Each structure stands twice: as C-alpha cells, then as structure tokens.
Amino acid sequence: MRFDVTQRTEQFLNIVRGIDAVVMELRTPGEGEVRNRRMARRLQTLTQCLRALGAQLAADIAVQNDGHSRMRETLAASERQFRTLAENLPNYLARHATGAEIVYLNPRLEAIFGLGIDEVVGKAPSQLFPDGRFEGYESAILEAARTGEEGQLELRFTTQEGEPRIHHVQLVPDRKSVV
C-alpha cells in the first residue's frame, strides 16, 4: 500500500469538519440532554474515525519504512560487492569527480603513492603532487569528463622512493559525473 497524502489529508479534513460542526452546534442554545447525547455519539464516531485514520497512517509509514530499509540494505550490499572487487583487484583503480578530485583509490594505488584514502579524497592530483608529475594525467581526466569519451594514457612518474614507474591508464567516464 502506498501512502496517498491527498487521500489521507482529505480524510483528516473531513473528520476535523465534523468536529468543528459538533463544536458549533454545542455553542448554540439547544434541546438539553437529547442534544448532548447526540453530540456525544457524533464525537465518539469522529474519535473512532481519527483512531482508524491514525492506524492507517501508522501502517502506511511502516510499509514505507520497510521499503526504504530494503533499499538501504540492497545499496549497502552493492557497495560491499564493489569494494570487495575494487580492493582485491591486482590493478590500480581510482575514481575522480569531474574536476579531477579523487573520490576513491583502491589499496594498491594507495600503497604506490604512500598516501591514505583520507589524505587524498577531495583533492586533485595537482594538489597532492604540485611538482607537475601528474599534470598530463589530470588533464586527461578533465578531458574525459568534459567530452564523455573514453581515453588512454601512458603515465610515467617516479615514486616517493625514487622508483621509476610506467602505467597504462584507461579512462572510462561515468555518465553520472564521476570519471
């Protein structure tokens, strides 16, 4: 059952109108005890309607929350699968935002740079290595993000320990603003 705000609002407003009518009638001079019994019955009926509507709302909210819980569980499972795959790849893996800021590095790539994920997330390669050694890499990321086209790059650099490295980089743009 989906929560229908319009339907529930209309039901609630009808009950409020009924209570309002009872209040208006009680304010006018009337027939005494007979009128009071009639008003008491109407108020009892309206109270039952309010309780029923409250129960329906609670049930609707429970169903909605259950659906959201299942979606969160599915999303969490999907993320765990991605992380397991990415973290166990023998290759290096990085994700960048469209401005070249690092969104994710797998542990192999973290190890080669000697930087932890907390140190690099949100920073572009030029911010981490201002000496320019990753200028071509950053330019290629920006170009892939701008055009939406895949690209390749041979990346030559020296590690922190002075070790020369050559990496073949495959750039695959994510159509949802992450490269």
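The count comes to 4 aromatic pairs, where rings of Phe, Tyr and Trp (its six-membered ring) pair if their centres lie within 6.5 Å. One of them joins Phe 134 and Phe 157. This is a predicted model, so local features need pLDDT of at least 70 and side-chain atom pairs count only at pLDDT 80 or more, while totals for chains, interfaces and linings use all residues. Residues are numbered from 1 along each chain as its sequence is written, and side-chain values use heavy atoms, with hydrogens and water left out.

**Aromatic rings**

- A pair of aromatic rings is described by the distance of the centres and the angle of the planes.
- Phe 134 and Phe 157 sit 5.1 Å apart, centre to centre, with 50° between the planes. That makes the pair tilted (planes under 30 degrees apart count as stacked, over 60 as edge-to-face and the rest as tilted).
- Phe 134 lies in the loop between helix H5 (125-128) and helix H6 (135-147), and Phe 157 in strand S3 (residues 151-158), so the pair ties together parts 23 residues apart in sequence. Helices (H or I, at least four residues) and strands (E, at least two) are DSSP runs, numbered from the N terminus.
- Both Phe 134 and Phe 157 are buried (under 20% relative accessible area, with a 1.4 Å probe and protein chains only).
- One aromatic cluster holds Phe 129, Phe 134, Tyr 137 and Phe 157.
- The charged end of Arg 108 sits over the ring of Tyr 92, 4.9 Å from its centre. The rule asks for NZ of Lys or CZ of Arg within 6 Å of the ring centre and within 35 degrees of the ring normal.

**Helix H2**

- H2 covers residues 33-88, which is 56 residues.
- From first C-alpha to last, H2 reaches 81 Å, close to the 82 Å expected at 1.5 Å a residue (1.5 Å times one less than its number of residues).
- Leu 53 belongs to H2 and is buried because its relative accessibility is 5%.
- Beyond its neighbours within four places in sequence, Leu 53 contacts Arg 8, Gln 11, Phe 12 and Ile 15 (heavy atoms within 4.5 Å).

**Strands S3 and S4**

- S3 and S4 (residues 164-171) pair in the antiparallel sense over 8 bridges (pairing needs at least two DSSP bridges).
- Gln 152 stands opposite Gln 170 in S4.
- Their hairpin has 5 residues between the strands, and Gly 162 takes a positive phi near 90°.
- His 167 is in S4 and counts as buried because its relative accessibility is 14%.

Terms used
Buried < 20%, exposed > 50% of the residue type's maximum accessible area, 1.4 Å probe, protein only.
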